Amino acid sequence: MDAAALAEPARDLASPALLAPDAHKFGGAALADTAGFRRAAALLIAGTPRPQIVVVSATFGTTDRLVAALAAARAGKEHADLPFLVAAHRALLAPLGLASTLLDGDIAELDADLAHLRSGKPDAGQAARISGAGEVWSSRILAALLGKDWAWLDARQVLVVKHGELGARIDEAATALAVDAWRKAHPQAHLVATGFLARLASGETTTLGRNGSDYSAALFAALFNARELTIWKEVDGLMSADPRLEPEAVVLPELSYAEAMELAYFGTKALHPQSLAPAMAAGIALNVRDVRQPEKPGTRVVANPAPSPNPVKGLSLVRGLAALELQGSGLMGVPGSAERFFAALHAASVSVVMITQASSEHSICALVRREQAEAGLASARAEFAEEIAAGHVQGIALEHDLAVLAAVGDGMIGTPGIVARLSGAIAKAGISLRAIAQGSSERNVSLAVREADAERALRVAHTAFWLSAQTVSIGLIGPGNVGGALLRQILEAQPRLKRERQLDLRIRVVANSRKMLRSETTLSSLDLERGETLDLDAFAKHVKSEHIPHALIVDCSGRADMAERYEGWLAAGIHVVTPSKHAGSGDAQRLAALHAAGAKSGARFRYEATVGAGLPVVMTLRNLIDTGDVPQRIAGLFSGTLAWLFNHYDGSRPFSELLAEARAAGYTEPDPRDDLSGTDVARKAGILAREAGWPLSLANVDVENLVPAALHDVPLAEFLQRLGEFDAPMAARLNAAKSEDKVLRYLAEVDASGKATVALRAVERTHPAASAQGTDNLFAFHTARYSNRPLVVKGPGAGPDVTAAGVFGDILAIAAHLGAKL
């Protein structure tokens, strides 16, 4: 796109000129290269038929380099980077179709100023002319690119300012006269003006200070009676928090002037406090939008925004602070102590960020910039030297390395509990408050914390107001068959659970035996090869993120050593869910320790899928006991894998062939001997016995091992090659059962005496287990209440999907205890 293409014919401005103009401001990052200038020009040309006023900053990094050149010239030296800076601006011209001589006069003026300064001949306004040259260059380029219908305005022609303690303030009368004269001389409806620069009444060039271009834009918007001002930056808008510190930060659609002013003062980078005052005084709406995505609305700042459901609009951090605290009983009831304290700080040119005072008047605390703290301390000590010497004032304490977290929102006005909610969330994270202050408007609550805790404080505060109270940070170990199925189920259910039940499940870290993959929010990709080396301590720490209300680890690894970590996780307040039987059927003292750790921290240990996969077996047993029933005996088909094998084993196919098919379908463990040995069923019997309160250890279960003795200890690969050795003994067992018109079923039984048996039995065709199909499990609960006919839980009990559903059910059960609408 060249200048000719951008320069449209002059509009019929007879009627549009009567319309209030729209004002725009483009930051340096938005004009960093030729693409940025083209993008800005395209946005302006595609705008409304209204007159348009544009203010620009220097291109990205230009002002810093010019200030460095100024410092070098004052030292009598040339700045090595300056030729590159000039060359970079000249290089913008040709690709934009502009004359190569466009900037010659301005660059010559800069060279002359620097030369005079190096020779020891400074003059008034020279430093401002040098540091503000970037705005002159960028505005000239954009005005030329837009064409002859756009006037170029050097702000020094019209902006007349005075400098005082509160910074540059416009001389309204002189500026109004200058604007009127300039408009008469420039009939174009549209203009491009320099930001940052202005002049004093004497004519001397001055600047509006750092971020002065935003202030310039607001001043020009007010001077030209603009309808609204859009500040174009490379951000989505004003955010609820700095997204670099809080990944959950959201764009704020609307703010009031007062809210924006508070956030700007407390460090929001997208706006400068000064830029808001002229817009607010003139009632001009202010927009902050992303120049890269102009279709997005960004943030709108107006006098009366629409009501927000969230009382807090935004959080900001001010870092690099120190506390000066004047203490002493001699301050109590003595008028003027605070006045003297702050006068001493003012005398040392110390800016106070936050003030707190005890109601007893025993102490006054002022938070100041770190670099001003020592000067403030010395000045205050000098002011109160007599009182300190007399012991009326204990002294003035200085505490470094503090930060202020500010919560801002009009909705806080008159809303009870905001301070409690904010400080409570921070206290829960173990962060101590150094001081707290709230303005009488109730629009701002400021909390001083140690700087080392500042980011954590921001994140937990953001969680308290923006995240659902039922947000759960989930870590998964073992994304294999069951774990993979669980991930798919959670990802599929996430939108519905969040929309309908306000349950926000976030998969934030996944690990296999070698690597782990982490996310600050929720994982969208599960490519573990991109992950880092597995560190289980770091894994748990990431899951237990202080800015997310709840943490949960799902262990689908099947590793016995992983169960050793459960106690530590539970003690740390991390809920644990597993389909692995190692903890539930292992050492009884360890299991008791797990439950004790969870009871102390409030974390829950759930393992429903260890017994019946997706069937509610453990839950049913718990409900029976909780409602006063007394279990006496539990019997049935406890293994979906073995149920599938013997439901299909009718002699038409060899047992080895069925076993290979079951393994391929994911019904068996990777090593089928874990199922065929009966150990898995024995573990389930042990888990149920312990839930029922019966004394039973795995060593006391009478188990029939179906694996031929010769195959017990061979490597897995060899075992799989020798599956045929099952066929003859299994055929003999089948034929014997058939001769009695019976069927084979692998059954388990455990009773209140602590006796348990697990064995392959021939049962009548009328036996409940005989009618089972596929991977059906069957659990018959014989209890005092169900003495004549047992309560039966029956259904598929093997396979990744149903087992994962059981694990998912445990997750949802924990969420229900957290208060989610389930």
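Predicted model: local features only at pLDDT ≥ 70, side-chain atom pairs only at ≥ 80, totals over all residues.

Trainee: Okay, so is S349 buried or exposed?

Mentor: S349 has a relative accessible area of 58%, so it counts as exposed. It sits in the loop between α12 (337-347) and β14 (352-357), and its phi is positive, about 60°, although S349 is not a glycine. As background, most residues other than glycine have a negative phi.

Trainee: What about A613, what is its phi?

Mentor: The phi of A613 is near 55°, again a positive value in a residue other than glycine. A613 also belongs to a loop, the one between α22 (609-612) and α23 (617-626), but with a relative accessibility of 4% A613 counts as buried, whereas S349 is exposed.

Trainee: Let me zoom out. How many helices and strands does the protein chain have?

Mentor: The protein chain has 30 helices and 31 strands. Its radius of gyration is 37 Å, well over the 28 Å that the globule rule gives for 822 residues, so the chain is more spread out than a compact globule. Along the principal axes, the C-alpha trace spans about 115 × 80 × 50 Å.

Trainee: And what share of the residues is buried?

Mentor: Of the 822 residues, 53% count as buried. The chain exposes about 34700 Å², and carbon and sulfur atoms supply 53% of that area. As for contacts between residues at least 6 apart in sequence, 71% of them join residues at least 24 apart.

Trainee: How far apart are the centres of the positive and negative side chains?

Mentor: The two centres lie 2 Å apart, for a set of 82 positive and a set of 90 negative side chains.

Trainee: Switching to sheets: which strands does β26 pair with?

Mentor: Strand β26, residues 631-637, is joined by 6 bridges to β30 (residues 776-783), and the two run antiparallel.

Trainee: How many residues of β26 and of β30 are buried?

Mentor: In β26, 5 of the 7 residues are buried, and in β30 the count is 8 of 8. In a regular strand the side chains alternate between the two faces of the sheet. In β30, D776, L778, A780 and H782 point one way while N777, F779, F781 and T783 point the other way, and all of them are buried.

Trainee: What else pairs with β30?

Mentor: Strand β31, residues 791-796, pairs with β30 in the antiparallel sense over 6 bridges, and within that pairing P796 of β31 is the bridge partner of D776.

Trainee: Which residues of α11 are buried, and what covers them?

Mentor: In helix α11 (residues 273-282), the buried residues include Q274, S275, L276, P278 and A279. The cover over the buried residues of α11 includes β5, α9 (212-223), α10 (257-265), β11 (285-290) and β12 (299-302). Just after α11 comes G283, with a positive phi of about 70°.

Trainee: Last one: what is L85 in contact with?

Mentor: Leaving aside neighbours within four places in sequence, L85 is in contact with T62, R65, L66 and W137. L85 lies in helix α4, residues 82-93, and counts as buried at 3% relative accessibility. To T62, which is 23 residues away along the chain, the C-alpha separation is 7.2 Å.

Definitions and conventions. Residues numbered from 1 in each chain as written. Heavy atoms only, no water. Helix = DSSP H or I, 4+ residues; strand = E, 2+ residues; numbered from the N terminus. Rg over C-alpha atoms; globule rule 2.2 N^0.38 Å. Buried < 20%, exposed > 50% of the residue type's maximum accessible area, 1.4 Å probe, protein only. Contact = heavy atoms within 4.5 Å. Areas by Shrake-Rupley, 256 points an atom, 1.4 Å probe, with all protein chains shown as cover. Lys, Arg positive; Asp, Glu negative; His and termini not counted. Charge placed at Lys NZ, Arg CZ, Asp CG, Glu CD. Pairing = 2+ DSSP bridges.
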